[in-house]
Amino acid sequence: MKMMVIIVQDTDANKLQSALVEASFQATKLSSTGGFLRQGNTTFLIGAENENVEQVKSIVKKTCKERTKPQPINSLGASPEPYFGQIIDVSVGGAVVFVLNVESFERV
Ligand code: 2BA
């Protein structure tokens with residue numbers, strides 16, 4: 001079994017959640033915050049059998065889109081003076097997927 005940790009944009013979270021339920025995958029949805037943009041995103045925890053990992057990834061690929069988010073440089077932490085107030089495009093997503101080995105899984 002694997003634990004999939006999947007970070008998506010809030011905009012895509014409901015669509016992904018519905019698609020997972022439709023395909024009978026159990027998931028836990030957490031509200032999270034990106035360290036770079038400091039904006040809300042959504043993290044899914046999915047315990048999946050090894051043979052289902054690729055199917056989950058393909059559902060994620062279908063439902064989560066890459067987007068460009070314009071950000072003022074001064075909102076991104078260090079803001080060197082000549083660039084203060086300038087806007088840069090940061091591309092986010094579709095999704096960041098970690099797949100971890102599960103040592104044990106039980107309901108007690
Ligand atoms: P954020 O940390 O808010 O990052 C948003 C987007 O900003 C990232 O999109 C990436 O394109 C860009 N970015 C992040 N750090 C950067 C940096 N130091 N310099 C330039 N651009 C940078 P994604 O890669 O699609 O990541 C989306 C979200 O997934 C991240 O939100 C973070 O919450 C999570 N994430 C990504 N990689 C991670 C990792 N290695 N470990 C834990 N969480 C991660």
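Which element gives the most to the shell around the ligand? I looked this up in the model, which is predicted. Strand 5 gives the most, with 3 residues.

**Entry 1: the shell around the ligand**

I listed the residues around the ligand. They are Ile7, Gly34, Gly35, Phe36, Leu37, Asn41, Val90, Ser91, Val92, Gly93, Val96 and Phe98. Sorted by class, this shell has 7 nonpolar residues, 5 polar residues and no charged residues.

**Entry 2: polar atoms facing the ligand**

I then looked up which residues place an N or O atom by a ligand oxygen. Asn41 uses its side chain, in which an N or O atom is 3.0 Å from a ligand oxygen. For Gly93, I noted a polar backbone atom 2.8 Å from an oxygen atom of the ligand. On its own, the ligand has 760 Å² of accessible area, and the protein covers 51% of this. I also recorded the elements that give two or more residues to the shell: they are strand 5 (87-92) and strand 6 (95-101).

**Entry 3: salt bridges**

How many salt bridges does the structure hold? I found 2.

I took the pair of Asp12 and Arg67 to begin with. Their closest N and O atoms are 2.8 Å apart. This pair links distant parts of the chain, as Asp12 lies in helix 1 (residues 10-22) and Arg67 in strand 4 (residues 67-72), 55 residues apart. Is Asp12 buried or exposed? I noted a relative accessibility of 3%, so Asp12 counts as buried. The limit for buried is under 20% relative accessible area. Arg67 has a relative accessible area of 27% and is therefore partly exposed.

I turned next to Lys57 and Glu54. The closest N and O atoms of this salt bridge are 3.3 Å apart. Where do Lys57 and Glu54 lie? I placed both in helix 2 (residues 53-63), 3 residues apart, which is about one turn of the helix. With a relative accessible area of 25%, Lys57 is partly exposed. Glu54 is exposed, because its relative accessible area is 52% and exposed begins over 50%.

**Entry 4: summary of the look-up**

The Asp12 and Arg67 pair links distant parts of the chain, whereas Lys57 and Glu54 both lie in helix 2. Around the ligand, the shell has no charged residues, and among its members are Gly35, Asn41 and Gly93.

Key:
Residues numbered from 1 in each chain as written. Predicted model: local features only at pLDDT ≥ 70, side-chain atom pairs only at ≥ 80, totals over all residues. Heavy atoms only, no water. Salt bridge = Lys/Arg side-chain N within 4 Å of Asp/Glu carboxyl O. Helix = DSSP H or I, 4+ residues; strand = E, 2+ residues; numbered from the N terminus. Buried < 20%, exposed > 50% of the residue type's maximum accessible area, 1.4 Å probe, protein only. Near = heavy atom within 4 Å. Polar contact = N/O pair within 3.5 Å; in protein donor to acceptor, adjacent residues only side chain to side chain. Areas by Shrake-Rupley, 256 points an atom, 1.4 Å probe, with all protein chains shown as cover. Nonpolar A, V, L, I, M, F, W, Y, C, P; charged D, E, K, R; others polar.
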